[in-house]
Amino acid sequence: MTDPSPPPVPRVSRRAASIDVSGIRRAFELGAALPDPINLSIGQPDFPVPEAIQAAAIDSIRAGRNGYSLTQGTPELLASVRAHINADLGWDPESHGHSIMVTSGTSGALLLAAMAVLDPDDEVVIPDPYFVIYPALASMIGARAVRCDTYPDFRMTAARVEPLITGRTRMVMVNSPANPTGVVLTGSELAELAGLCESRGVLLVSDEIYDGFTFPEAREGGRCPSPGRSSRTSLLIRGFGKTYGCTGWRLGYAVGPAAIIREMLKLQQYTFVCAPTPLQVGAAQAFGVDMEPTIARYAQRRDAVCQALGGLSPIVRPCGAFYAFVEVPPRLGISATEFARRAAAQRVIVIPGSVFSHRDTHFRLSFAVDEQRLQRGLQILAELLSGG
Ligand code: PMP
C-alpha cells in the first residue's frame, strides 16, 4: 500500500506573500538572540505611562467599562482630542466639513485612510526613506507606492513631490517629525505641500505620530508644525503610543475631511470595530500631562548622538522623534547592511537604511535608550565609523 499523500496546505494570498517580514522585526530578533545587546533599534520610548493615564484606564476597567465603544471613539476621548486640536492648531476639528475619529493605533488610521482612498492601480507618493508600513499599505491594496527621494536633507518638499504626481495619484503621505530621520518640516513647507495636493485633488495624509517629540528649535508658536486646516484635502493622523509610552495600547486618531472620515468609520466598523475602550478612557487624560521634562531629556540624547558621531559622518540633525539616520562614510567601502552586521558583531543593534529606503547607505539608530547604554553604543559606533 502506498502512503497517502499529505493533506494539501491552504495556499496564501499573493498579497500576503508579496510582503517581506519587517527588517525592524529581524533586528529585534537579532537583539533577542545576542547576550546583553546594546539595542539601538527600538522604536518605542523608555519611560512609564504617566500615572494619570494609567489610573483612568484602571478605573475604567474596574468600573466595568470593558465593552465596545462607539465606532468613532469614547465621548471623553473625542472631547479631549477636539479640545487639544483646538488649542494646538487653533481650529475646531468638527467644523467646516471636518471630523475626528479614534483608531486602533496610528497604523490603524493609516490602513483605514489607505482603504478609504486607494483603488487597485492607484498611486500613493511616499517619502524615501519611509516608515516601513507605507509601501506595504500600498501593496496590500494593490496600489503602487511612488517613492519621493528626499536625500540628502530628507525634506519632502512640494518641489520634490510635484513631478511625481500623475493622473493616477490619489494620496501623498508625509511624516514629520520623521521616522527614520528625525527631520521636522516647517509650517510653510507643509502648507506648500498641502496647497499642491489641494490643487490636484489629492489627499495629503500627514502622519504626525511624533508631534509630541518636536524639539524646541523646530517648533513654531511653541508647537509641532502641521499642514493643519490649510487645505480641505489634508488628513492629520496622530497617536498616543510614542508620546505617552503606551505603544501596546494601540491608540491613535484621525482628523480631516468629514467625507473621508465617514468612509474610514465604515471600514472601522467591519475591521477594528473600535479602539480598546478602557485605554481610550485612560488616553483622555493624556493632554493634561506635562511631557516637557521627558522631551528635554530626549533632546539631550540627540545632542549626545550628534556630538559622538557628527565629526565622523554627516548627520542631518534630528529635530524630533528619537532617531538619527547616519551615513556610512563612502570611504569605508561597505553597505549599511554590512555596517549593521559589524555593529551586531560588537553587540550593538542598528537598522540598515535598506529597510527604509531604496538605498543602503545609512543606518538608523534610536536614542530611546538610557544614557549609559547609549554612550556605550555610541563609542562602538564611533570606532566602526572611523574604520576601527
Ligand atoms: N507612523 C510612524 C512614522 C511610526 O514610526 C509608527 C510606529 N513606529 C507608526 C506610524 C505606527 O504607530 P502605532 O504604534 O500608533 O500604530
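One term before we set off: a residue is called buried under 20% relative accessible area, exposed over 50%, and partly exposed in between, with a 1.4 Å probe and protein chains only. You are looking at a predicted model, where local features need pLDDT of at least 70, side-chain atom pairs count only at pLDDT 80 or more, and totals for chains, interfaces and linings use all residues. Residues are numbered from 1 along each chain as its sequence is written, and side-chain values use heavy atoms, with hydrogens and water left out.

**Stop 1: a salt bridge across the sequence**

Select Arg 223 to begin. Arg 223 is partly exposed, with a relative accessible area of 35%. The term salt bridge stands for a side-chain nitrogen of Lys or Arg within 4 Å of a carboxyl oxygen of Asp or Glu. Helices (H or I, at least four residues) and strands (E, at least two) are DSSP runs, numbered from the N terminus.

**Stop 2: two more pairs**

Next, pick Asp 92 and Arg 82, whose side chains form a salt bridge at 2.7 Å, N to O. Asp 92 is in the loop between helix 4 and strand 2 and Arg 82 is in helix 4, so this pair ties together parts that are 10 residues apart in sequence. Arg 82 is partly exposed at 33% relative accessible area.

Then jump to helix 9 (residues 258–269), where Glu 263 and Lys 266 lie three residues apart, about one turn of the helix. Their closest N and O atoms are 2.7 Å apart, in another salt bridge. What is the exposure of Glu 263 and Lys 266? Glu 263 counts as partly exposed at 29%, and Lys 266 is partly exposed too, at 45%.

Now select Asp 88, Glu 208, Asp 211, Arg 223 and Arg 238 together: salt bridges that share partners join these residues into one network. The count for salt bridges by this rule comes to 26.

**Stop 3**

Time to look at the backbone. Most residues other than glycine have a negative phi, and most peptide bonds are trans.

Select His 96, in the loop between helix 4 (75–89) and strand 2 (98–104). His 96 is not a glycine, yet its phi is positive, about 50°. The residue is exposed, at 62% relative accessibility. Asp 121 is another one to click on, with a positive phi near 75°. You'll find Asp 121 in the loop between helix 5 (105–117) and strand 3 (123–128), and it counts as exposed at 52% relative accessibility.

Which peptide bond is cis, with omega near 0°? Zoom in on the one from Tyr 151 to Pro 152. Pro 152 is in the loop between strand 4 (144–149) and helix 7 (158–161). Another cis peptide bond joins Asn 179 and Pro 180, with omega about 15°. Pro 180 belongs to the loop between strand 5 (169–175) and helix 8 (187–200).

**Stop 4: where the domains meet**

Zoom out and colour by domain: domain 1 is 14–42 + 291–385 and domain 2 is 51–288, with bounds from an automatic or database domain assignment. The C-alpha centres of the two domains lie 25 Å apart. The contact (heavy atoms within 4.5 Å) takes 30 residues from domain 1 and 32 residues from domain 2.

About 2,600 Å² is buried between the domains, and carbon and sulfur atoms give 63% of it. Buried area is the accessible area (1.4 Å probe) that two parts lose on being put together, summed over both. Select Ile 295, Cys 319 and Phe 356: in domain 1, these lose the most area to domain 2, together 21% of what that side buries.

There are three salt bridges between domain 1 and domain 2.
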